Amino acid sequence: INWTWQPQIVWDVLEKRFAGKVDMHRPDAWGFVYFDGQVSNGPDAEGANDIGSPKDPTWPARLAAMNIYYAQVVYAEDHAGEYASDMKELEG
């Protein structure tokens, strides 16, 4: 049994879609916890801290790197441990 709290959404290279994976060893899929320092548990606090989630400006680059990493893992599995030397080899 894997005691991960819930599936983490990651890109599945083989299925060519995002999929939920129950695997806590995927730090690229971990969420963020944001503490804003405000107390919002009072009876009239509904929406008081609704400032939206902070955005990660590095996300586009990190997503691209993760996609290349997972594509390389699949490629290496299919090519006796050898990695692609060209991005075109990863397409398909």
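Guide: Let's start with Gln72, which counts as buried because its relative accessibility is 16%; buried here means under 20% relative accessible area, exposed over 50% and partly exposed in between, with a 1.4 Å probe and protein chains only. The model is a predicted one, in which local features need pLDDT of at least 70 and side-chain atom pairs count only at pLDDT 80 or more, while totals for chains, interfaces and linings use all residues. Residues are numbered from 1 along each chain as its sequence is written, and side-chain values use heavy atoms, with hydrogens and water left out.

Helices (H or I, at least four residues) and strands (E, at least two) are DSSP runs, numbered from the N terminus. Leaving out residues up to four places away in sequence, Gln72 touches Tyr83, Ala84 and Leu90, where contact means heavy atoms within 4.5 Å.

H1 itself covers residues 59-78, and its 20 residues should span 28 Å at 1.5 Å a residue; the end C-alpha atoms are 29 Å apart, so the two values agree. That expected span is 1.5 Å times one less than the number of residues.

Tyr69 counts as exposed because its relative accessibility is 51%, whereas Tyr70, at 15%, counts as buried. The count of aromatic pairs comes to 1, and Tyr69 and Tyr70 make it up: their ring centres are 5.1 Å apart and their planes stand at 70°, so the pair is edge-to-face. The rule takes rings of Phe, Tyr and Trp (its six-membered ring) with centres within 6.5 Å; planes under 30 degrees apart count as stacked, over 60 as edge-to-face and the rest as tilted.

Now for Arg62, another residue of H1. With a relative accessible area of 30%, Arg62 is partly exposed. Setting aside its neighbours within four places in sequence, Arg62 is in contact with Phe32 and Asp56. Arg62 and Asp28 are 34 residues apart in sequence, yet their C-alpha atoms are 8.2 Å apart in space.

Follow the chain out of H1 and you reach Ala80, in the segment after the helix. Ala80 has a positive phi of about 50° although it is not a glycine. For comparison, most residues other than glycine have a negative phi. At 76% relative accessibility, Ala80 counts as exposed.

What lies elsewhere in the chain? Its secondary structure comes to 1 helix and 2 strands, in the order β-β-α along the sequence. Strands E1 and E2 (residues 17-21) run antiparallel and are joined by 5 bridges; two strands pair if DSSP finds at least two bridges between them. Asp12 has Arg17 of E2 as its bridge partner. The two strands form a hairpin with 4 residues between them, and Lys16 in the turn takes a positive phi of about 55°.

Gln8, in strand E1, is buried because its relative accessibility is 3%. Beyond residues up to four places away in sequence, Gln8 touches Ala19, Gly20, Lys21, Asp23, Met24, Arg26, Ala29 and Trp30.

A word on confidence, as pLDDT is the predictor's confidence in each residue, from 0 to 100. The chain averages 79, with 76% of the residues scoring at least 70. Our helix H1 has the highest confidence, at 90, and strand E1 (residues 8-12) the lowest, at a mean of 80.

Finally, step back to the whole chain of 92 residues, of which 20% count as buried. Among contacts between residues at least 6 apart in sequence, 18% join residues at least 24 apart. The chain exposes about 7700 Å², and carbon and sulfur atoms supply 57% of it; these areas come from the Shrake-Rupley method with a 1.4 Å probe, and for residues only the protein chains shown count as cover.
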